[in-house]
Structure formats: structure tokens, C-alpha cells
Amino acid sequence: MSETTKPILDLRNLSKTFGEVQALSNVNLKVAPGEFVTLVGPSGCGKSTLFSLLSGLEDADAGSTVRFEDRSVMSKDLLGKVSFMPQRDLLLAWRNVIDNAILPLEMEGANRSQARKQAQRMLPEFGLAGFADKFPHELSGGMRQRVALMRTFLFKRDLMLLDEPFGALDALTRTMMQRWLLDVWQKHKRTVLFITHDVDEAIFLGDRVLVMSARPGGIKLERKIDLPRPRNADAVTSPEFISLKRDLLEAIEEESMKTFGAVQT
Ligand code: ADP
Ligand code: MG
């Protein structure tokens, strides 16, 4: 991030405790407008908790500072200010594609027929042309994820939080979805925070990859990804990619072993 760009998000000493469990400890992070930041870390290290704080679902501990769009805010002020795709993003079985997509707009009181029209216009870009009236059970896994992503994009906020959106997809579908997401991201110019447990995915997508430490989670390592965009299959076989992957994997493994060790003892 250049010195002159004001971060859209600036976290200082962000911590979160649930009863006896400290999930996050002193997370410090600045995110530039339009940046694509990917987060990796061992299971249970607090990645989803970070998103709960940033989407206003939970409040951070006292002493945490959150600056959003250059204003100091409380977690709860962020409710409705960011687009959030939770890890388990359930489409409502009884709503068709369009009505699932407009759900957040409807909840904030938008005009339903206008929202439907907007959603209709987005269908082709999300590979869903002709599927407006289909219900979730009539769609493939990749399509359901695209409906959930369309819902997140349709709720137009500058900051998007995506929690392992492709975690459940097979490798081929996943690769296609990654490329497609980069296209859509470049067109819509949003800021993205993206959680994944897949290092290749983190490098392929991100401008920057953050490795989180074992619980209590903090930022352990940060790597800038200078691979040129648009990225294609060649990117993942380049020497830069391989060397980044080695560094990141080493850091993740070290943290995962801590989690594993804690379980053993
Ligand atoms: P990750 O997404 O990195 O796998 P989570 O953020 O889901 O990890 O969880 C981090 C830790 O916080 C875990 O130990 C989890 O059990 C705990 N935790 C998360 N949410 C809650 C909650 N609402 N109440 C109590 N404990 C929670
Ligand atoms: Mg999680």
C-alpha cells in the first residue's frame, strides 16, 4: 500500500475472547481499497471469528481498535456496512435463485421488484443465465456457490468478506471459480478479504497472503504476491509461485503443529 493511500480497513490490537477461550490476540492489519487479501491458518485459529467481528456479528474485546473508511468504529457499527459470505452459506431451499440473491437487499428494506431486476442483470456474469427460477436443489455445487457469491456482490459494499467460499468444491470446479472470481473482482473493483485453507488458492488470488498463528490467532507472516495479473495456469508453475508456496507452507505447518501438539497434551 503506498503511503498516500488511506486504508479502507485498519485494525489495531484486535482481540476476541469467548469465555475462557481467547480466539484472537492483537491482530494488526491494514487493507488498501481494492486490495485482494487472502488469509490462511490452522483450523480453529480464529479466521471466522475475525469475520464475525468485521461483519458486526460479534463485538471485539475492549482495547481493540477498528478503523473503517478512515473512521474509528465499533464492530457492531459494521453490521450492514460490509458484504459477508459466511463459511456455511445456506441458500434458502424454498427460494429460487433470484430470491436467494436479493435476500440481504430485502432485509435492508429495498424495493423487491427493483432488487429482482438488478439480480436478473447479474445472472449471465455469474454463469446463471436461464437459472433465475431454479431452486437450490436443482443446481450443482459450483452454481450454488455462484448464487451465494452473486448475493454477496449484489449487496454492494466496498469491503467483501469471503469465508472459504470454494472449500467444498472439487479441484477442477474450484480452479474455474478462482479465475472467474478474479475476473469479477477486477470488474467490480471491490476490496476482498478471503479465507482459505488452500495455500495455492491463497497465492493465486491474493495481492497479499497473511498466515495466521495458532489460537489465539494473530498475523504471523505476510507475503506480498507480485505475480502479474490477469493470472492464468502459468502463474502457478512459475519459480516465484513455488518459492512463495514453500515459505508459506513452512509457516502454516509450524502453526498447525502447535495446534496438533495442544490436542496431544
Ligand atoms: P477458524 O475459522 O480459524 O477455523 P474460528 O474462528 O471458527 O476458527 O474459531 C476460533 C476459536 O474460537 C475456536 O476455538 C472456536 O471454538 C472459538 N469460537 C468461535 N466462535 C465462538 C463462539 N461464538 N462462542 C464460543 N467460542 C467460539
Ligand atoms: Mg472458519
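**Entry 1: strand β2 and N26**

I began with N26, which I found in strand β2 (residues 21–31). The phi of N26 is near 50 degrees, a positive value in a residue other than glycine. I noted that most residues other than glycine have a negative phi, and that most peptide bonds are trans. N26 counts as partly exposed, because its relative accessibility is 42%. I took buried to mean under 20% relative accessible area, exposed over 50%, and partly exposed in between (1.4 Å probe, protein chains only).

**Entry 2: conventions**

I recorded that this is a predicted model, in which local features need pLDDT of at least 70 and side-chain atom pairs count only at pLDDT 80 or more, while totals for chains, interfaces and linings use all residues. Residues are numbered from 1 along each chain as its sequence is written, chains are lettered from A and ligands numbered from 1 in the order in which they are written, and side-chain values use heavy atoms, with hydrogens and water left out.

**Entry 3: the protein as a whole**

I looked up the secondary structure and found eight helices and 10 strands. The radius of gyration of the protein is 19 Å, which agrees with the value near 18 Å that a compact globule of 265 residues would have. This radius is taken over C-alpha atoms, and the globule rule is 2.2 Å times the number of residues to the power 0.38. Along the principal axes, the C-alpha atoms fill a box of roughly 50 × 45 × 45 Å.

Of the 265 residues, 49% count as buried. I then turned to contacts, meaning heavy atoms within 4.5 Å. Among those between residues at least 6 apart in sequence, 69% join residues at least 24 apart. The accessible surface comes to about 13100 Å², and 52% of it belongs to carbon and sulfur atoms. These areas come from the Shrake-Rupley method with a 1.4 Å probe; for residues, only the protein chains shown count as cover.

**Entry 4: the magnesium ion**

Which protein atoms are the donors of the magnesium ion (ligand 2)? I found OG of S48 and OE1 of Q87, lying 2.1 to 2.4 Å from the ion. S48 lies in helix α1 (residues 47–54) and Q87 in the loop between β6 (83–85) and α2 (97–101), so the pair ties together parts that are 39 residues apart in sequence. Donors are N, O and S atoms within 2.8 Å of the metal (3.2 Å for Na, K and Ca); water is not among the atoms, so sites may look incomplete.

I checked the exposure of both residues. S48 counts as partly exposed at 28% relative accessibility, and Q87 is partly exposed with a relative accessible area of 42%.

Why is α1 largely enclosed by the rest of the structure? I found that seven of its eight residues are buried. They are K47, T49, L50, F51, S52, L53 and L54. After α1 comes G56, whose phi is positive, near 85 degrees.

I also visited W94, which is in the loop between β6 and α2. W94 counts as exposed, at 64% relative accessibility. From W94 to P239 I read 48 Å, C-alpha to C-alpha, for a pair 145 residues apart in sequence.

**Entry 5: two buried residues**

E201 is in helix α7 (residues 199–205). It is buried, with a relative accessible area of 1%. Beyond its neighbours within four places in sequence, I found E201 in contact with F166, R174, Q178, F194 and T196.

V73 is in strand β5 (residues 71–73) and is buried, with a relative accessible area of 18%. Not counting residues up to four places away in sequence, V73 touches V66, F68 and L78.

**Entry 6: backbone angles**

I returned to phi with E164, which has a positive value of about 45 degrees although it is not a glycine. E164 is in the loop between β7 (159–163) and α6 (171–188), and is buried with a relative accessible area of 15%.

Where did I find cis peptide bonds? One runs from R215 to P216, with omega near 0 degrees; P216 is in the loop between β9 (208–212) and β10 (219–224). Another joins R229 and P230, with omega about -5 degrees; P230 is in the loop between β10 and α8 (239–264).

Technical notes:
Helix = DSSP H or I, 4+ residues; strand = E, 2+ residues; numbered from the N terminus.
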